[in-house]
Amino acid sequence: MNAVRIGVLGASRIAEEAIVEPSNILGHRLVTCAARDKVRAQVFAEKYGVERVLDSYQAVIDDPEVDVVYNPLANSLHAPWNLAAVQAGKPVLTEKPFARDRTEAVAVAEAAREANVVVMEGFHYLFHPVTKRLHQLLADGTLGELRHVEVVMRMPAPEPGDLRWSLDLAGGVMMDLGCYGLHALRQFGAYAGGAPSIESAKAVERFPGVDESFDAELEFPSGATGSSYNSMIDPDYLFTLKVIGSKGEAFAHNHIKPNQDDRVSITIGSDTTVEHLGRRSSYTYQLEAFADHVLNGTPLPIGPDDAVANMALIDDAYRAAGMSPR
């Protein structure tokens, strides 16, 4: 088997970029999908070439032709349906965040471990050469010792009825954008003595319990610091990642969508060089790695333990801002 047969839960807006286009490029099959509204699922299937439409999410999971499940449902539905897929023995590529909170994440992770089923949270940016280059610059000593990491995640406001504004569906900017920032910061713990912790956090709530902006300051065991700045009310999109070391700094102009801007600017002293790392989508790199694991057992850089650690840090950030975890 050279192609992975994918079952899609829902008919979400992210699916075209995150799973449809990568599958077409890599030669994998979208064999079935289901949505709460079957007509919507049929429209989705016709538009994107999904082979069959089923009546329920569970039917997708149970379908014998489905090798892996892709879960882009609302945040509150990630853990329950990831768990259902694990119980059916189906590997899962799930959109972030992994769950509503650490407690849910632990339940899925433990089930996945017991069943020996892979569940990977879709932090696609991690697989792109842009992010890998930032890590390489620290690993090979070019930037010196890590001093500070800054992640900026800003976007225009979703429509008023968007699920990202729903507390019941585990919405809020930290869950939608901030999870990326905290995840990116955690990955730099390898150069700073271990994982960072939340030092302070400030959120502005659009509705009670639902954050529209969220800033968090973190510290690593080495004394290096990190900042995660997030907003879902900005006029424009801005996704940047800056790494500052004792010898210089590196700046990714769009680490989330490098297919739009693949530049990494590296400044050592007074000299700045700009590297272009390629416009291939980070989602394509992600699906390529996930499928390679499913087909050949090639190790993945992240798994359920990473997801649990990220959800724990998100919970800590909410508490530090005087809010409750989802």
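How many residues sit between S9 and S10 in their hairpin? Five, and Gly223 in the turn has a positive phi of about 105°.

Okay, some ground rules. This is a predicted model, where local features need pLDDT of at least 70, side-chain atom pairs count only at pLDDT 80 or more, and totals for chains, interfaces and linings use all residues. Residues are numbered from 1 along each chain as its sequence is written, and side-chain values use heavy atoms, with hydrogens and water left out.

Strands here are DSSP runs of E, at least two residues, and helices are runs of H or I, at least four, numbered from the N terminus. S9 covers residues 210-219 and runs antiparallel to S10, joined by seven bridges; strands count as paired if DSSP finds at least two bridges between them. Phe214, for instance, has Asn230 in S10 as its bridge partner.

S10 also pairs with S7 (residues 146-154), this time in the parallel sense, over seven bridges. There, His148 partners Thr225 of S10.

So why do we call S10 largely enclosed by the rest of the structure? Because five of its seven residues, 225-231, are buried, meaning under 20% relative accessible area with a 1.4 Å probe, protein chains only.

Finally, the wider stretch. An unreviewed UniProt entry annotates residues 132-249 as "domain: GFO/IDH/MocA-like oxidoreductase"; such annotations may be inferred rather than shown by experiment, feature names are shortened, and positions follow the numbering used here. Over those residues the chain is 19% helix and 40% strand, with the end C-alpha atoms 15 Å apart.

Key
Buried means under 20% relative accessible area, exposed over 50%, partly exposed in between (1.4 Å probe, protein chains only).
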